Amino acid sequence: MVKQELFVDTDLARRVVGVRFSTGDPETIRKIAHIPIFNNKLYDDSAGKWSPAQYGPLDTRLGTFQKTLNCETCKKNMTDCVGHYGFVDLELPVFHVGFFRLTIQMLQCLCKNCSNFLITGEKKENFFRQVKNPNLDYLKRKGLHKKIVETCKKVSLCPHCGFKNGVVKKAVGAVLKIAHGDPIDTSKGDEFAVCMSENKDLAATLPSIKFALLDPMQVHNILIKVKVQDYPLLLVRAGDNIHTPKDVIVTRVIVPPVCIRPSVISDIKSGSTEDDLTMKLTEIMLINDVIKKHICDGAPMKLISETWDHLQVQCALYINSELSGLPAEMQPKKVTRGFAQRLKGKHGRFRGNLSGKRVDFSGRTVISPDPNLKIDQVGVPIHVAKILTFPEIVTTTNIEKMKQLVRNGESKHPGANHLIEAKTGMKKFLKYGDREKIAMNLRPGDIIERHLDDDDVVLFNRQPSLHKISIMSHRAKVVPGRTFRFNECACTPYNADFDGDEMNLHLPQTYEAKAEASTLMGVKYNLITPRSGEPLIAAIQDFITGAYLLTHKDTFLPRCEVQRFAAALIDITSFKNCNGRKGTKRIVIPPPAIRKPVELWTGKQLIELIIKDDQVDVKLNLRTKNKSYVKDEEFCPKDSFVVIRNSQLLCGVLDKSLVGSGSKSNIFYILMRDFGEDVAINAMWKLARMAPVFLSNRGFSIGIGDVTPSKQLLEDKAKLLNEGYTKCDGFIRDLKENKLKAQPGCTSFETLEALILKELSSIRDHAGQACLRNLSKSLIKI
């Protein structure tokens with residue numbers, strides 16, 4: 001046998017202990033980047049060649065996306081090169097769309113003149129102590145940050161320089177702009193004297209201006225002057241690795257490696273298809289060059305400001321392409337995917353590639369019910385069983401079986417698809433070659449990738465996986481057809497129904513994985529819910545109906561029917577030796593309840609066959625009420641008090657509270673608690689076999705005469721209506737005569753409405769009870 005190797009981690013110094021996200025400061029970006037990017041051309045203008053432009057977004061020093069080119073930095077090919085970063089320096093700073101809200105909150109805490117914190121003294125020291133608490137989790141930190149911001153917003157005069165700070169908020173009707181409440185009063189008239197002399201209308205307009213815009217450069221200058229000791233309060237972080245607040249303003253844009261944004265060159269040399277990130281980088285560099293030219297040429301400030309706004313929007317779309325509130329002229333012409341869209345959502349990196357990914361040795365198809373399968377079995381279509389394989393190690397014990405599997409090959413089930421030789425490690429595909437010769441040369445230690453077979457441990461999962469029992473292990477049963485099948489009793493934990501639902505099946509690839517899945521995730525070990533300890537897997541729907549109708553007092557069965565039901569409890573696929581004879585099984589039928597003139601058995605007697613087990617001596621005892629219990633225990637007129645003695649049902653009708661999920665008086669729960677999981681799932685399977693057989697014999701129909709109201713029912717209904725209408729007329733009369741007493745908190749009309757609705761609701765309830773009393777007994781049972 002192949003000995004399992006023990007994995008030893010030799011390089012402990014490089015073990016990852018955690019991942020931390022923070023703002024990317026310009027210096028860090030420069031250190032991790034290899035080259036600056038300032039050329040907005042993608043390819044050089046060389047005839048007939050597609051060579052990436054130097055210092056462009058596709059520079060080969062950032063990695064390679066072509067099979068014919070190696071990376072200029074690490075000299076590796078497209079498969080081995082992991083890619084390298086670059087950077088673009090912006091002529092003017094812009095707001096980071098991800099930190100825009102944090103930027104506003106920091107400005108609300110700082111003086112816009114001297115950059116000092118707006119609160120001082122004991123309050124500031126108290127907040128410092130809370131920030132330095134090492135046990136501060138995310139929610140507490142978030143709440144503390146909110147409290148700090150709210151306290152600072154109440155301070156308008158700076159305690160350090162006396163500057164009056166106004167309200168700081170997001171500018172309404174603008175994209176990524178911050179407004180500061182700074183009204184222009186007479187004290188600031190000197191600053192605008194020249195403007196007012198040139199424009200007479202400006203003098204009338206200035207007093208009505210209440211807010212001034214803070215551009216990214218002003219905000220950057222404010223954050224640069226913040227004292228180091230105030231950093232923990234602004235970012236609610238304590239320790240040595242705090243980034244400076246000015247890092248929330250973008251002055252340098254990182255350029256990702258080419259391998260995550262490859263350029264696809266057309267085979268007919270007509271052009272190339274570029275990634276969204278590459279195109280957005282090209283736009284950013286183009287606008288950056290325009291701003292640089294405007295500044296050099298001394299262009300009007302209005303023109304520079306408009307171009308600056310355009311740069312701000314493009315940098316925001318580069319990070320988050322789903323930015324809302326964009327004006328029509330800045331809206332992208334097609335839907336693009338920024339960094340945020342690549343990470344978040346169902347198809348993002350986290351959910352699509354890390355948490356959930358495509359795996360081997362799995363299958364997915366529609367599910368269908370099969371009450372003939374055991375509770376812990378799942379029916380696997382033979383087409384799936386031929387594709388899913390398990391690496392079985394050849395031993396002296398199983399070598400003959402493995403030889404037969406090799407002879408069967410990949411087209412006949414049970415067979416095998418591949419053989420891995422122990423000496424050479426060579427993998428042979430059994431679809432081709434002389435399988436007889438390969439089987440003869442089979443040696444212990446070889447590995448056979450055999451087909452999935454009966455009783456293999458598989459994992460069965462239905463999405464969405466909302467709790468741990470959304471994925472459990474079952475025993476496989478290879479069946480014809482094209483759907484996964486399982487017993488209806490196992491529907492509840494998966495929240496599955498059979499209206500087109502699909503489920504996933506996974507085949508573990510090691511013996512350890514199979515043992516772990518069977519022990520920890522097995523259906524029979526998850527019969528009760530971890531939420532409340534109540535049974536979760538139990539009889540449902542037709543099985544409950546069958547048990548209910550079978551255990552009525554007036555259910556009598558002849559010998560032929562009893563023997564037919566007993567035969568339904570035999571599992572032909574799991575015959576065991578009984579009394580020395582192979583392939584037989586003895587079922588002891590209780591004596592008949594009535595012997596003359598014809599032998600008849602009650603339905604209650606058949607419950608004994610369901611509860612008893614071949615391997616364990618089950619003596620179940622139970623006294624409990626079912627859902628329709630009235631009084632007098634076992635003498636209840638509705639036969640609704642259940643008494644079981646030594647596994648024999650003496651009285652009572654089995655309903656959902658006795659065989660369904662959600663009750664600890666459930667028969668299967670008591671069997672599991674007292675006699676083990678195997679006894680419980682075996683009894684559940686027996687009920688699932690017997691109930692459909694009984695229901696298929698006991699057909700029922702309903703006609704118009706069964707639901708036509710009788711004369712007595714019509715009289716009761718008319719009496720109820722007359723009494724109710726009389727009361728309602730009385731309420732209306734009391735209101736008109738001002739005799740109606742208003743209910744607390746209500747007007748007279750509201751009180752009248754409440755009383756009439758209450759009376760009409762009472763009429764409806766009493767009418768329903770009258771219908772139940774007058775319906776035939778057989779219909780009520782149905």
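**Exercise 1.** Leaving aside neighbours within four places in sequence, find the residues with which Pro57 is in contact (heavy atoms within 4.5 Å).

*Solution.* Step 1: with those neighbours set aside, the contacts of Pro57 are Ile37, Asn39, Lys41, Leu42, Leu62, Val258, Arg261, Thr278, Thr282 and Met285. Step 2: Pro57 sits in the loop between β1 (33-36) and β2 (85-95); strands (E, at least two residues) and helices (H or I, at least four) are DSSP runs numbered from the N terminus. Step 3: its relative accessible area is 1%, so Pro57 is buried (under 20%; exposed is over 50%, partly exposed in between; 1.4 Å probe, protein chains only). Step 4: Leu281 is 224 residues from Pro57 in sequence, yet the C-alpha atoms are 7.2 Å apart in space.

The model is predicted: local features need pLDDT of at least 70 and side-chain atom pairs 80 or more, while totals for chains, interfaces and linings use all residues. Residues are numbered from 1 along each chain as its sequence is written, and side-chain values use heavy atoms, without hydrogens and water.

**Exercise 2.** Determine the strand order of the open four-stranded sheet and name its edge strands.

*Solution.* Step 1: the order is β11-β14-β12-β13, with antiparallel pairing (two strands pair if DSSP finds at least two bridges between them). Step 2: β11 (389-393) and β13 (427-429) each pair on one side only, which places them at the edges. Step 3: from one strand to the next the twist averages 25° (axes are lines fitted to C-alpha atoms, for helices over the stretch in contact; angles run from 0 to 180 degrees between N-to-C directions). Step 4: β12 (residues 416-420) and β14 (residues 447-451) are joined by four bridges.
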